[in-house]
Amino acid sequence: MDTSDPSRPGAEATPAEPSAEAPAQAPAEAPAQAPSEVSAETPARRRPRGLTTLIVACGALVGVVGGTATGYAVQAEREPTPLPPLSQADLAYPEKALPESKRPQPLPAKHDTAVKADGDLRKLLVGKPEGARVWSTGIHREGAPVRDGWLSPGEFSLEYGSPAYQLEDLLDGEVRRVAAANWLRGKQMIAVRLVQFRPGALAAAAAFDRESQGWAAARSAPGEESGWSVRPGSSARYHLTAPEPGTRYWASASGFRGDVWFTMDIFDESSIPRSTIRDLARAQLDRL
């Protein structure tokens with residue numbers, strides 16, 4: 001009886017005998033190939049990398065140097081080429097000065113803004129509006145009164161919110177003098193200022209005009225920040241502003257001609273027509 005049957009109760013399993021037909025276990029590692037059996041197809045030795053490029057570069061350098069030397073040698077053997085004569089002819093001057101009758105006439109004073117401004121600056125102020133009377137007190141509570149048509153730069157600075165900064169800007173722009181006029185027409189107050197600067201590279205009059213228009217634009221109603229042109233083709237502009245609580249209606253205009261900057265203000269308890277400030281600004285621009 002076969003006692004190795006696993007299905008029999010109580011039988012103990014016995015290890016099976018290895019089959020005679022099982023292949024033998026392969027060796028873990030193949031034996032190393034003998035040095036004598038190395039393949040004879042060994043790659044051929046190559047030229048070091050970059051040697052060909054170096055040879056070509058050296059040849060190009062030799063060619064450039066040789067060509068340059070040859071060019072200099074050929075140029076040195078040539079005759080120098082004379083320079084062409086100057087195209088500008090000799091300056092000619094008249095032997096005698098022009099007689100008085102043939103000399104050009106100087107620009108008339110009425111067309112020379114410098115001559116007009118160098119005189120009495122008060123004469124360039126716009127004329128007093130119809131129905132107005134002279135008002136000598138300052139346009140602000142802190143302002144200085146106008147004396148004989150003049151304001152000092154310091155007194156003019158008092159009419160601004162920051163007098164110290166305004167005076168500093170005036171001095172930096174080399175302010176020369178300030179002509180002023182105040183008028184009162186009913187409850188309407190009118191103030192005109194002509195500020196003259198010394199001529200020079202610094203266009204102070206134009207700079208103060210831009211600053212004045214920017215300040216007026218900040219107080220203008222929405223959509224009217226740019227104001228309106230005093231006259232077509234001129235940079236002078238005028239602005240209207242609605243009053244804040246407890247303040248008056250206000251209109252302003254500014255512009256410049258040469259080294260003179262003009263600025264004017266109108267204050268009223270009721271609305272100011274555009275034509276009022278526009279016509280006054282046009283008259284002042286024409287006087288300059």
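How many bridges join strand β5 to β6, and in which sense do the two strands run?

## Strand β6 and its partners

In this predicted model, strand β5 (residues 228-229) is joined to β6 by two bridges, and the two strands run antiparallel. Within this pairing, S229 stands opposite R237 of β6. Strand β6 itself spans residues 237-241 and is mostly covered, since four of its five residues are buried.

β6 also pairs with strand β7 (residues 249-257), again in the antiparallel sense, and here the pairing extends over five bridges. One of the facing positions is T241, which stands opposite W250 in β7.

## The nonpolar cores

The largest nonpolar core has 28 residues, and those with the most contacts inside it are W183, V192, L194, F262, M264, I266 and I277. Two or more residues are given to this core by each of β3 (175-185), β4 (188-197), β6, β7, β8 (260-268) and α6 (274-287). Apart from this core lies another, of 13 residues, which includes F156, V175, V178 and A205.

Leaving aside neighbours within four places in sequence, W183 is in contact with a set of residues that includes V126, P129, W135, M189, I190 and V192.

## Q166 in helix α4

Q166 has its place in helix α4, which covers residues 163-172. With a relative accessible area of 8%, Q166 falls under the 20% cut-off and is therefore buried. When neighbours within four places in sequence are left aside, the contacts of Q166 are F156, S157, Y160 and F208; of these, F156 is also a member of the core of 13 residues.

Key:
Residues are numbered from 1 along each chain as its sequence is written. This is a predicted model: local features need pLDDT of at least 70, side-chain atom pairs count only at pLDDT 80 or more; totals for chains, interfaces and linings use all residues. Side-chain values use heavy atoms; hydrogens and water are left out. Buried means under 20% relative accessible area, exposed over 50%, partly exposed in between (1.4 Å probe, protein chains only). Two strands pair if DSSP finds at least two bridges between them. Contact means heavy atoms within 4.5 Å. A nonpolar core is a set of buried Ala, Val, Leu, Ile, Met, Phe, Trp, Tyr and Cys residues joined through side-chain atoms within 4.5 Å.
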